[in-house]
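Subject: Handover of a structure and notes on what was found in it

Dear colleague,

Please find below the structure that I am handing over to you. My notes on it follow.

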Amino acid sequence: HTVKKHAGLQPFVTEYIGKWLVIASGENAEVVLPTFAGMTDFKGRIIHSSQYRNGAEYAGKKILVVGSGNSGMEIALDLVDSGAKPTIVVRSPLHILPREVLGISTFSVASSLTKLFPVWLVDQLLVLYSRLTLGDPSPFGFKRPKVGPLELKGKMGKTPVLDVGTLSRIKSGDIRVMPGVDCLTATGAKFVNGASECFEAVVLATGYKSDVPRWLNDEDNFFAPNGLPRSPFPHSWKGKRGLYAAGLCKKGLLGAALDAQQIAEDISIAYHAYRSSPPSSCS
C-alpha cells in the first residue's frame, strides 16, 4: 500500500508492506451519485443525503427526494415536519415494516424468530404484521417485492424500510409520491409517467457503495466492479496471497462478525506456521 504525503513543499512516498491485508472499509464507503439528463440545467440546489443536515432551511419550499430507502423516507418526513413540501421518488418495489413489533425492535424480533423458524415463514409473519399495523401502501405508489424482506436482504443486500411515521404523512397527502425521474429541467423535474413538477432543491438519497476499486490494485480479480467480493457469502472473506475482506458480504453486522472470526483464525494459523518454520540458510 503506497501513501503520498507532503513535508513542506517536497512530496515523498511511504510504502507499507505487510504479509496480510484485511479490507474492512465497508459496503458504504463512498456516495452513489446518479446522473440525470438536465442536471446541469437545474437552477436549484442538488445535494446528496450525506450533506443533508435538517429541514429548517427548506421550510416553505418544494423539495424532490430521489430514493425511497430508509434515508430518503426519513429525510422526507423531516422536511415535512420542518414546513417544506417534499415529493419522494419511489422507483422500485420495497418492503415497509413497522420499526417495532410490540415495543421490540423489528430486526431483533426477526433475528430471534429465524432461530426458531425458516426464513420464508418469518418473512410471511413480518409482511402480515406490517399489513395489519401499517395497512396496504400500494394505493399510494408503492409495490411490494415478490421476495420476502429477509430473503431479499440475504440475496440482494437490500434493507427493508422501517417506518418512522413517513407512511402516515404520505397517506395524508403531506408527502407526495412520484415514479422514476426522466430528467431534470431548469425549474424542476419530469417523471417517467409524463408528469412535470417544479422544485427548488433535490436531495439524492441514492445510497453508498464500496470504494475498493478506486484504490486497490486487485491483480487476482477477487473483487467485482461493485467493490464487493465475487464469491458469495460464506466464501467472500478470503482471497489469495494474504488478502481478506470483512463486512463486504451484504449480511450486515452478523456477516461482518463471522468474517472477522474466520479471518482472525486463518491469520493466526498462518502466523504460527510462519513463526515455527525454520529460517532458510545458504551453504
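A residue is called buried when its relative accessible area is under 20%, exposed when that area is over 50%, and partly exposed in between. By that scale Lys250, with a relative accessible area of 28%, is partly exposed. Please bear in mind throughout that this is a predicted model.

**Backbone features**

Lys250 sits in the loop between S18 and H7. Although Lys250 is not a glycine, its phi is positive, at about 60 degrees. Leu102 is another non-glycine residue with a positive phi, here of about 55 degrees. Leu102 belongs to the loop between S9 and S10, and because its relative accessibility is 75%, over the 50% mark, Leu102 counts as exposed.

A cis peptide bond links Phe233 to Pro234, with omega near 10 degrees. Pro234 is part of the loop between helix H6 (212-215) and strand S18 (243-245).

**The largest pocket**

The largest pocket holds about 1500 Å³ of space. Its lining is made up of 40 residues, and those closest to the centre of the pocket are Gly69, Lys158, Thr206, Gly207 and Tyr208. Which elements supply at least two residues each to this lining? They include helix H1 (70-81), helix H4 (149-156), strand S17 (208-209) and helix H7 (252-276). By type, the lining of the largest pocket has 19 polar, 15 nonpolar and 6 charged residues.

Gly69, one of the residues named above as closest to the pocket centre, is located in the loop between strand S6 (62-66) and H1. Gly69 has a relative accessible area of 33% and is therefore partly exposed. In sequence Gly69 is 134 residues from Val203, while in space their C-alpha atoms are 13 Å apart.

**The largest cavity**

The model also contains 1 cavity of 30 Å³ or more. The volume of the largest cavity is about 30 Å³. Its lining consists of Leu94, His95, Leu152, Lys158, Thr159, Pro160 and Val161. Of these lining residues, 4 are nonpolar, 2 polar and 1 charged.

**Helix H2**

Helix H2 covers residues 106-114, and Thr106, Val109 and Ala110 are buried in it. Why do the buried residues of H2 line one face of the helix? Seen down the axis of H2, they fall within an arc of 100 degrees, so they share one face. As background, an α-helix has 3.6 residues a turn, so residues three or four places apart point the same way. The cover over the buried residues of H2 includes strand S8 (96-98), strand S9 (100-101), strand S10 (104-105) and strand S11 (161-163). Helix H3 (119-134) and H4 also contribute to that cover.

Is Thr87 buried or exposed? With a relative accessibility of 3%, Thr87 counts as buried. Thr87 is placed in strand S7, which runs over residues 85-89. Setting aside neighbours within four places in sequence, Thr87 is in contact with Ile63, Leu64, Val65, Arg176, Met178 and Phe199.

Pro179 is found in the loop between strand S12 (176-178) and strand S13 (181-184). Its relative accessibility is 25%, so Pro179 counts as partly exposed. Apart from residues up to four places away in sequence, Pro179 touches Val89, Val90, Phe191, Val192 and Asn193. Pro179 and Gly194 are separated by 15 residues in sequence, and their C-alpha atoms are 9.9 Å apart.

**Cysteines**

A disulfide is a covalent bond between the sulfur atoms of two cysteines. How many disulfides does the model have? The count is 0. For Cys183, the nearest cysteine sulfur is that of Cys198, 13 Å away. Because a disulfide requires the two sulfur atoms to be within 2.5 Å, Cys183 is in no disulfide. Cys183 is buried, since its relative accessibility of 18% is under 20%. Cys249 is also buried, with a relative accessible area of 9%.

With kind regards

Definitions and conventions: Residues numbered from 1 in each chain as written. Predicted model: local features only at pLDDT ≥ 70, side-chain atom pairs only at ≥ 80, totals over all residues. Heavy atoms only, no water. Buried < 20%, exposed > 50% of the residue type's maximum accessible area, 1.4 Å probe, protein only. 1 Å grid on protein atoms, 1.4 Å probe; cavity = no way out; pocket = protein on both sides within 12 Å on 5 of 7 lines; lining within 4 Å. Points joined across faces, edges and corners; volume = space filled by probe spheres on them. Helix = DSSP H or I, 4+ residues; strand = E, 2+ residues; numbered from the N terminus. Nonpolar A, V, L, I, M, F, W, Y, C, P; charged D, E, K, R; others polar. Arc of directions from axis to C-beta. Contact = heavy atoms within 4.5 Å.
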